[in-house]
Amino acid sequence: MKVTEDETKYRQLHTGGYLQKVSAEQGEYVGAYDSSRITENNITDTNLLEDQLLEKIIDRDNMNKAFKKVKKNKGAAGIDDMEIDELLDHLKENGKDLVEAIQVGKYRPKPVKRVEIPKEEKGKIRKLGIPTVVDRVVQQAIAQVLTPIFEEQFSDNSFGFRPGRSAHRAMKRCKEFIDDGYKYVVDMDLEKYFDTVNQSKLIEVLSRTIKDGRVISLIHKYLRAGVVEKHTFRETGQGVAQGGPLSPLLSNIMLNELDKELEKRGHRFVRYADDLTIFVRSRKSAERTLVNIHPFIENKLFLKINEEKTATGYVGRIKFLGFGFYLYKGKARFRVHPKAIKKMKSRIKELTARSHGLSNIERPKKLRQYIVGWVNYFKIADMKSLLKEVDQWMRRRIRMVIWKQWKKVSTKFNNLRKLGIEKGKAWEFANTRKGYWRIANSPILKRSIPNDKLSQRNYLFFFDYYKQVCVN
């Protein structure tokens, strides 16, 4: 999220089965908390444990629930190349040994497989780590037990990756603050958050709540499991690998420290994962708040603020979770941010490219899937006019694809005749030298391939679906 009009950050909500060298500055903090004593000693004497959390994690019902969740989420294989379809047979054969190894502290998670996906910013990438399917089951089992414990501690203004919460609820909270007169914001961007989490600090925060040292040890092993990138192993002395079932929870646990500090200072804010907006009444208050919170983030949490992307400004200029804001009769309304529109059009272009190679059955199916997801996400925004314009543009692109598929002059002529175009006009257009894009907007093609015929071909359009799910 970014306050300036030209440079904003948008994070796709979707979050699937994918997502480090310590800097000199952060290296000074590593010794602040000696986590090794409480994480790598493999405590097994249950007399020393207070809450027997590990037994709850490896409980048969909890592990079965974790397996079903991982199987449902699917996802790619890790470094061992084991696929989801192979997981059940593997657990039937080795599940008992797996649970025993976890219980006695001998289990060692495998390194994650590094995958890089491009960000919106040109030339930038997001680093994801794919755990093995077995490690995903164990991580999911840990998350299922820890989530209800930490949910009681989490802020009511935190919405990302939490049960019963959503981006829409986060936007509603933003609206409440704006409607109450908080029309200026601190737009906070944490630099490479998942890659720079101080593991010692995270372990210290976890240890305040988790008194079973074996669980702390197991989590720490996941943090230090390492990464395999292009067949080369690298240690992970800092950061949380983004991509496993446990990473969203660990992220919220760490940033809950920031939430509590903001609440203690009386601030109104909304946080979704590492996207944070603080709402204030004036520009000066926003500037003062940013200056005051800066030392806590960098000196207490050992995180780094991205100075280039963090700014203060009027709420109408920000982008949050792909949405923008505007005021109507003094009340906040939502719109789709231009950056999100640009991203959407780029995806539609990709799916309707003349050289994409999709069949006439696959293309409508993929477009439908994308449109349904996109509209359901942005349906709280005012966008009727936008969607009508997008649909006109999209229909033109589809007609362009169809026209190119006809290729030969004879095929174009015969198809135009079948679609009701008189012989002279059909022959004229079949022999035209005009470009595909120009022809796609011609009255002849609109008449021969009208909107209802596109619908008959199973094409779904934004505004048609929006009318079905509209909440405004």
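Val227 stands opposite Arg234 of strand 5, in a predicted model for which local features need pLDDT of at least 70, side-chain atom pairs count only at pLDDT 80 or more, and totals for chains, interfaces and linings use all residues. Residues are numbered from 1 along each chain as its sequence is written, and side-chain values use heavy atoms, with hydrogens and water left out. Strand 5 and strand 4 (residues 227-229) run antiparallel and are joined by three bridges; strands (E, at least two residues) and helices (H or I, at least four) are DSSP runs numbered from the N terminus, and two strands pair if DSSP finds at least two bridges between them.

Another open sheet contains three strands in the order 9-10-11, with antiparallel pairing, and its edge strands, strand 9 (319-320) and strand 11 (331-336), each pair on one side only. Helix 7 (residues 167-179) packs on this sheet, touching strand 9, strand 10 and strand 11, and its direction makes about 140° with that of strand 11; contact here means heavy atoms within 4.5 Å. Strand 9 pairs with strand 10 (residues 323-328) in the antiparallel sense over two bridges, and Phe323 in strand 10 is the bridge partner of Phe320.

Key: Axes fitted to C-alpha atoms, helices over the stretch in contact; angles between N-to-C directions.
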